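Trainee: I'd like to walk through this one slowly. Can we take it piece by piece?

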Amino acid sequence: MFEGSAGNDVIIGTDEDDILVGGAGDDILTGGEGDDIFRWNDGDQGEAGSPARDVVTDFGNGQNVLDVSDLLDDATETSLSGFIIAKEDGDDTVLYISSAGELGGDEAKADQTIRLEGKSFSDFGGASASQDVINYLLNNDQLKIDQ
């Protein structure tokens with residue numbers, strides 16, 4: 001396992017299957033080859049309106065997983081829209097997360113963002129909307145929301 005500190009970190013995995021945890025702060029995570037798990041824990045997030053901003057540089061090399069289960073407070077698939085919104089930003093997809101489920105459709109209320117660098121909506125099964133991206137990640141076991 002590769003873990004960051006409370007500050008801003010750059011964490012680089014190996015060619016094996018790795019678990020990368022950025023910790024608090026704004027982090028850059030690169031898994032390398034293999035089936036990697038990128039994990040966020042309760043306390044890693046910032047505050048609503050001032051989120052921690054993390055970047056995953058190579059999501060999709062292998063069967064990668066975004067594990068936000070510890071970060072989310074009682075999220076279920078039916079309540080997920082209050083917790084996660086996906087937006088396309090150029091060639092990237094950004095996940096806006098409210099650990100308390102208080103987005104209400106407004107990404108400005110996020111306390112954590114995860115930028116999937118080089119992954120547009122089309123990389124998620126041709127998704128055209130936020131819920132399509134989230135459903136794709138869930139259906140392909142690439143997003144873990146509950147423990």
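This is a predicted model: local features need pLDDT of at least 70, side-chain atom pairs count only at pLDDT 80 or more; totals for chains, interfaces and linings use all residues.

Mentor: Residues are numbered from 1 along each chain as its sequence is written, and side-chain values use heavy atoms, with hydrogens and water left out.

Trainee: Which pattern does the chain follow along the sequence?

Mentor: Helices (H or I, at least four residues) and strands (E, at least two) are DSSP runs, numbered from the N terminus. The chain has 1 helix and 11 strands. Read in sequence order, the pattern is β-β-β-β-β-β-β-β-β-β-α-β.

Trainee: What radius of gyration does the chain have?

Mentor: We take that radius over C-alpha atoms, and the globule rule is 2.2 Å times the number of residues to the power 0.38. For 147 residues, a compact globule would come out near 15 Å, and the chain agrees with that, having 14 Å.

Trainee: How much of the chain is buried?

Mentor: Buried means under 20% relative accessible area, with exposed over 50% and partly exposed in between (1.4 Å probe, protein chains only). Out of the 147 residues, the buried share is 46%.

Trainee: What share of the contacts with a separation of 6 or more links residues 24 or more positions apart?

Mentor: A contact means heavy atoms within 4.5 Å. Take the contacts in the chain with a separation of 6 or more; the share from residues 24 or more positions apart is 48%.

Trainee: Is strand β6 largely enclosed or open?

Mentor: β6 covers residues 52–56. It is joined to strand β4 (residues 28–30) by 2 bridges, running parallel, and Leu29 has Val56 as its bridge partner there. Since 4 of the 5 residues of β6 are buried, the strand is largely enclosed.

Trainee: And in β10, which residue is the bridge partner of Asp54?

Mentor: β6 and strand β10 (residues 112–116) run parallel, joined by 5 bridges. β10 is mostly covered too, with 4 of its 5 residues buried. The bridge partner of Asp54 in β10 is Ile114.

Trainee: Which residue in β10 does Val94 stand opposite?

Mentor: Strand β9 (residues 92–97) is joined to β10 by 5 bridges, and these two run antiparallel. Opposite Val94 stands Arg115.

Trainee: What is the relative accessible area of Val68?

Mentor: Val68 sits in the loop between β7 (65–67) and β8 (84–89). Leaving aside residues up to four places away in sequence, Val68 touches Trp40, Ile84, Ile97, Ile114, Leu143, Lys144 and Ile145. Val68 is buried, and its relative accessible area is 1%.

Trainee: How far apart are the C-alpha atoms of Val68 and Leu143?

Mentor: Along the chain these two are 75 residues apart. Leu143 is also among the residues that Val68 touches. The separation of their C-alpha atoms is 7.5 Å.

Definitions and conventions:
Two strands pair if DSSP finds at least two bridges between them.
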